Amino acid sequence: MLKAFTRHLEVELGRSAHTVRAYQREAGELMRHLREVERMDLAELDLPALRSWLGARAETGAAPSTLARSAAAARTFTTWLAGTGQIPSDVGGRLRAPRRGRHLPSVLSAEQAATLMEDDPAPETGEDPRQHALELRDTAVLELLYSSGLRVSELVELDRSGIDRHQRTVRVHGKGDRERIVPVGIPALDAIDAWLAQGRAVLAAGTGDRAGDALFLGARGGRLGARAVRTLLDQRAARAGMPQHITPHTLRHSAATHLVEGGADLRSVQDFLGHSSLATTQIYTHVSAQRLRRTVEQAHPRA
């Protein structure tokens, strides 16, 4: 059953690999709860049983965001079960998780972002060509993450053919396999050019074109992975003496916040980020207001 549900998520709904794994895991946990705790068959699934499962998840200390994901997975699962005739009706439609607290994302200042990008990838005398190639790649990755506000999952899926140097854009496949065209800044394009001209062939050597048209390669010549992006960001941040933990999403949040602070309208930022709802994008107005308030309190003589 879970295999069929997984195919439904992948093929019919076009969910990302991360979402598929998470929803498959949640569906499996729900079925185990029904079997071992509720002592009921799947065909008997009802809303009280769903709430019992979600309550058991909460008792283990699951965060509100985790409970929200669990509820979303359960609703998707029950919709599929009802649609395939395995339960009489979609009992999960009224399942709601506890409201999540609104947490403002952590962002870098424009100066901090510039410091992170300024690590000079020029080769040192006697430097290993592979190490120089990695430095060129890392600079291009960070410039593109900040310039275009990409999710790390979107970045690692990019192909060389998705970069349009003339139009200064990149073609991105986002959540739900939705395609969007995102502008790319000149510093990012220059860093990508340097990586493609001087670095990519070094990492691809001897791999038999293992990565195909992938824009960014890992140290072994295959397509760069999301975990490697997080690692290289940790290393760059440490070298730059950054005082906070920085993730790829920090650069995405920073790019959006700096756009809003620079006067960009929310609809444009929504398209830039690939958000399906404007409500998701509105958090960046709160981030900007918070940063403005902090600046006033620090600098205004009558604050």
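**Notes on the model**

1. Arg39 is exposed because its relative accessible area is 68%, where exposed means over 50%, buried under 20% and partly exposed in between (1.4 Å probe, protein chains only). Arg39 sits in the loop between α2 (17–38) and α3 (47–59); helices (H or I, at least four residues) and strands (E, at least two) are DSSP runs, numbered from the N terminus. The phi of Arg39 is near 55°, a positive value in a residue other than glycine.

2. On provenance: this is a predicted model, in which local features need pLDDT of at least 70 and side-chain atom pairs count only at pLDDT 80 or more, while totals for chains, interfaces and linings use all residues. Residues are numbered from 1 along each chain as its sequence is written, and side-chain values use heavy atoms, with hydrogens and water left out.

3. Overall, the protein has 13 helices and three strands. Its C-alpha atoms fill a box of roughly 70 × 65 × 35 Å along the principal axes. Of the 303 residues, 41% are buried. Among contacts (heavy atoms within 4.5 Å) between residues at least 6 apart in sequence, 60% join residues at least 24 apart.

4. Which residues have the most contacts inside the largest nonpolar core? They are Leu116, Leu144, Leu155 and Phe216, in a core of 48 residues. A nonpolar core here is a set of buried Ala, Val, Leu, Ile, Met, Phe, Trp, Tyr and Cys residues joined through side-chain atoms within 4.5 Å. Helix α6 (residues 129–148) gives the most to this core, with eight residues. A second, separate core has 28 residues, among them Tyr23, Leu47, Trp53 and Leu95.

5. Leaving aside residues up to four places away in sequence, Phe216 touches Arg137, Ala140, Val141, Leu144, Leu155, Trp195, Gly222, Arg223 and Leu224.

6. The three strands form an open antiparallel sheet in the order β1-β2-β3; two strands pair if DSSP finds at least two bridges between them. At the edges are β1 (163–164) and β3 (179–183), each pairing on one side only. Two bridges join β1 to β2 (residues 169–173) in the antiparallel sense, and Ile163 stands opposite Val170 in β2.

7. Arg168, in the loop between β1 and β2, also has a positive phi, near 60°, in a residue other than glycine. Arg168 is partly exposed, as its relative accessible area is 42%.

8. The second largest pocket holds about 190 Å³ of space. A pocket is an open set of points on a 1 Å grid over the protein atoms alone, where a 1.4 Å probe fits, with protein on both sides within 12 Å along at least five of seven lines; lining residues have an atom within 4 Å of a point. Grid points are joined across faces, edges and corners, and the volume is the space filled by probe spheres set on the points.

9. Of the 14 residues lining that second largest pocket, Leu134, Arg137, Asp138, Leu232 and Gln235 are the closest to its centre. The largest share of the lining, six residues, comes from α9. The lining divides into five nonpolar, four polar and five charged residues.

10. Gly206 lies in the loop between α8 (186–204) and α9 (226–239) and counts as exposed because its relative accessibility is 84%. The C-alpha atoms of Gly206 and Arg220, 14 residues apart along the chain, are separated by 9.6 Å.

Notes: Nonpolar A, V, L, I, M, F, W, Y, C, P; charged D, E, K, R; others polar.
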